[in-house]
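Okay, thanks for coming, everyone. I'd like to walk you through one model today, so let me put it up on the screen.

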Amino acid sequence: MVSLIAGFLVIYILTTPRYGAPNPVENFNVPFVFGRFTIPADNLLTKESIALGRRLFYDPRLSGNNQISCATCHQQSLAFTDGLAGSVGVSGKPLAFNSMSLANLMWGPARFFWNGRATSLEEQALIPIQHPDEMAQDLGSLIKELSQDDTYVELFGIAYDGISKEAIAKALASFQRTLISANSRYDQYLRGEISLNEEEELGRKLFMAHPDTKSSLRGGNCIDCHSQFLTSGFTAQLDGFSNNGLDNDAALLAGLSEVTGKAEHRGFFKTPTLRNIAVTAPYMHDGRFSTLEDVLNHYNGGIQHSETLSPLIVEADNIDNHQGSTISLNLTAKEERAIISFLHTLTDEQFLSDTRFSDPFKEAPPR
Ligand code: HEC
Ligand code: HEC
């Protein structure tokens, strides 16, 4: 009898979480125009997982020299980019790639990084931590370090039953899933709360249209790749990746072909979201363009021909005068300016200063 009771006690102690159960997030509202989204069944959003992920995101202890956090290269005021052409981490050596903005990551291409090499946010999170030029951290040492901090021990205990590399990845992914940007002037316009001015409205129409000279429809064809409300690439399969004509065959990087092994994907990169684009300069995977004017000049006359160049770009011309070799949209200067004005309506000031996404270590201590 005594041993039976002792047996129950052992089972009770082993199965009862030491830190109480995590609290599911209630009223997780997202704009319906963004469409369906999925949260992995083994990493549901809870208040504790989000709080933990936010703390980890801003904690320089995640790096080998305790000086670089995710937020070093992903700063909220810059829509989670860093203003540099090539980001700089622990080694001080600029990366070959431009930091990517982090917003609305539950939509758009379901692969991460410019070349799509990570298939989930959980998978993505551990890559920069271990990369020698980014955070140069050994995961075993990191787990030891975090285990010495009572706040982490408690938060990991509630959210994930303890500290592990899987839990670190899951928490970072959870926090990043909450980075939803949906209150730009464009969103307010979509909700019928404001109207756009004449220039912005012209820009919006051009952004949304593929030119058709037969029906005199002028367009910038941006929406062909930067899909409508989200302005990021399409979700299905690899549709969110393409070659937008930055380089000729000689200079073309591997891009997505590095991941798929298919020559037809050479020079394909992730079509990033254009939300908050006015604050995320410089632009493109290598930060080669410093202004939106440079970007528009690229699409309107700087397209480089290559074997994998998107047919959507080759076909898009507002004047029916194809001479064979040159590719240009033939937008007027006024139309280029209008598209840039529209791009500015995608800036979401609330997102850029939302305290739920800010550095928790800088918060005033509770009184
Ligand atoms: C040294 C700068 C640096 C640090 C530190 C860093 N990142 Fe990044 N991040 C980048 C760069 C550069 C890219 C694009 C790299 C590429 O495609 O090869 C990127 C890409 C990403 C992406 C992909 C976004 C998309 O739309 O595909 C996510 C998510 C991300 N980082 C999250 C994180 C998290 C989480 C951390 C911390 C654990 C972190 N980053 C640390 C520079 C950094
Ligand atoms: C064929 C598909 C395609 C079309 C059409 C297209 N884009 Fe892009 N866009 C991309 C891809 C892919 C990238 C990333 C390319 C890279 O860095 O290698 C990109 C990058 C950008 C960037 C830089 C984003 C960043 O975070 O650095 C801006 C800005 C942009 N596009 C605006 C536009 C505008 C405006 C139009 C219409 C005039 C347009 N795009 C048309 C595919 C397209």
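A bit of housekeeping. This is a predicted model, so to speak of local features we ask for pLDDT of at least 70, side-chain atom pairs count only at pLDDT 80 or more, and totals for chains, interfaces and linings use all residues. Residues are numbered from 1 along each chain as its sequence is written, and chains are lettered from A and ligands numbered from 1 in the order in which they are written.

Now, how covered is H7? Mostly: 11 of its 13 residues are buried, meaning 20 or more other C-beta atoms within 10 Å of a residue's own, with 12 or fewer called exposed and anything in between partly exposed, the C-beta atoms being placed from the backbone. Lys170 and Arg177 are among the buried ones. The buried residues of H7 pack against helix H2 (47-57), H4 and helix H6 (150-160).

Ala125 is buried, because 25 other C-beta atoms are within 10 Å. Ala125 touches Ala169, Leu172 and Ala173, leaving out residues up to four places away in sequence; contact means C-beta atoms, placed from the backbone, within 7 Å. Ala125 and Ala169 are 44 residues apart in sequence, but 5.3 Å apart in space, C-alpha to C-alpha.

Most residues other than glycine have a negative phi, and most peptide bonds are trans. Yet a cis peptide bond joins Ala281 and Pro282, with omega about -5°. Pro282 is in the loop between strand E2 (269-270) and helix H11 (292-302). Asn276 is also in the loop between E2 and H11, and has a positive phi of about 65°. Asn276 counts as buried because it has 24 C-beta neighbours inside 10 Å. Met284 sits in the loop between E2 and H11 too, with a positive phi of about 80°. Met284 is partly exposed, since 18 other C-beta atoms are within 10 Å.

Key:
Helices (H or I, at least four residues) and strands (E, at least two) are DSSP runs, numbered from the N terminus. Two residues are in contact if their C-beta atoms, placed from the backbone, lie within 7 Å.
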